[in-house]
Amino acid sequence: LSLHDALPILTLPVLCLASLARSIVGVAGGATKAAVAQHQAKNQNMADLSAKDGSQETMVNLLALLVNLTILPVIADHKDFVMPLFLLLTALHIFANYKAVRSLEFGSLNLGRLSAILEEYTVNKQILGIKEANRRESLAFHPSGYQIRLGVSLSDLSSDEVCGLGTAINNNRPTHLVIRPGCVLVFVSIG
């Protein structure tokens with residue numbers, strides 16, 4: 001079976017896979033876009049920010065269409081340039097998104113920023129500022145460092161760890177950390 005004969009057979013599965021990938025990217029992009037917009041709306045101006053973002057997105061899509069219509073006739077006769085150009089533009093797109101995400105400074109905690117803060121605290125007994133915590137946050141799916149567990153059962157603690165927790169409660173400390181190799185247990189006092 002040659003590649004030319006296999007193309008009609010592979011067309012439907014490839015189109016279905018592309019559609020699935022586009023849906024996944026759309027969901028992830030929508031969730032990310034909402035978080036970034038909320039971060040940028042400092043003065044309760046979410047509607048204004050959303051309108052401007054939509055206008056910019058429309059303009060960028062229009063410019064991309066014009067660039068595509070300009071480039072397509074040029075590369076139509078040079079099929080060897082299609083894949084290198086695609087790879088170059090994809091790499092540029094990913095790099096631009098990486099730089100954009102790195103420029104954000106979120107004041108809230110997620111697992112990556114909390115891991116960076118706890119790691120710095122356990123090593124140097126210092127709490128990172130917002131800028132430094134965001135810089136150290138891993139953009140990978142699973143941040144490296146400590147596993148963080150909230151609401152651990154007392155039966156999982158050793159007698160020394162229970163005594164430390166009791167001391168923290170008696171001294172009215174709002175939080176208590178139990179540090180184990182590769183793991184931090186976080187206890188938060190509600191009262």
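Reader: How do the residues lining the largest pocket divide into nonpolar, polar and charged?
Author: This is a predicted model, so to speak: local features need pLDDT of at least 70, side-chain atom pairs count only at pLDDT 80 or more, and totals for chains, interfaces and linings use all residues. Numbering runs from 1 along each chain as its sequence is written, and side-chain values use heavy atoms, leaving out hydrogens and water. Ala, Val, Leu, Ile, Met, Phe, Trp, Tyr, Cys and Pro count as nonpolar, Asp, Glu, Lys and Arg as charged, and the others, Gly among them, as polar. Sorted that way, the lining comes out as 21 nonpolar, 12 polar and 6 charged.

Reader: Which residues lie nearest the centre of that largest pocket?
Author: A pocket is an open set of points on a 1 Å grid over the protein atoms alone, where a 1.4 Å probe fits, with protein on both sides within 12 Å along at least five of seven lines; lining residues have an atom within 4 Å of a point. There are 39 of them here, and those nearest the centre are Gly 29, Thr 32, Lys 33, Asn 97 and Val 101.

Reader: Which element gives the largest share of the lining of the largest pocket?
Author: α1 (3–40), α2 (46–75), α3 (82–103) and α4 (111–124) each put in at least two residues; helices are DSSP runs of H or I, at least four residues, and strands runs of E, at least two, numbered from the N terminus. The largest share, 11 residues, belongs to α1.

Reader: And which element gives the most to the lining of the second largest pocket?
Author: Of the 13 residues lining the second largest pocket, Ala 64, Asn 68, Phe 86, Leu 89 and Thr 90 are closest to its centre. Two or more lining residues come from each of α2 and α3. With 7 residues, the most comes from α3.

Reader: Which ring does the charged end of Lys 125 sit over?
Author: The rule asks for NZ of Lys or CZ of Arg within 6 Å of the ring centre and within 35 degrees of the ring normal. Lys 125 has its charged end 5.3 Å from the centre of the ring of Tyr 121.
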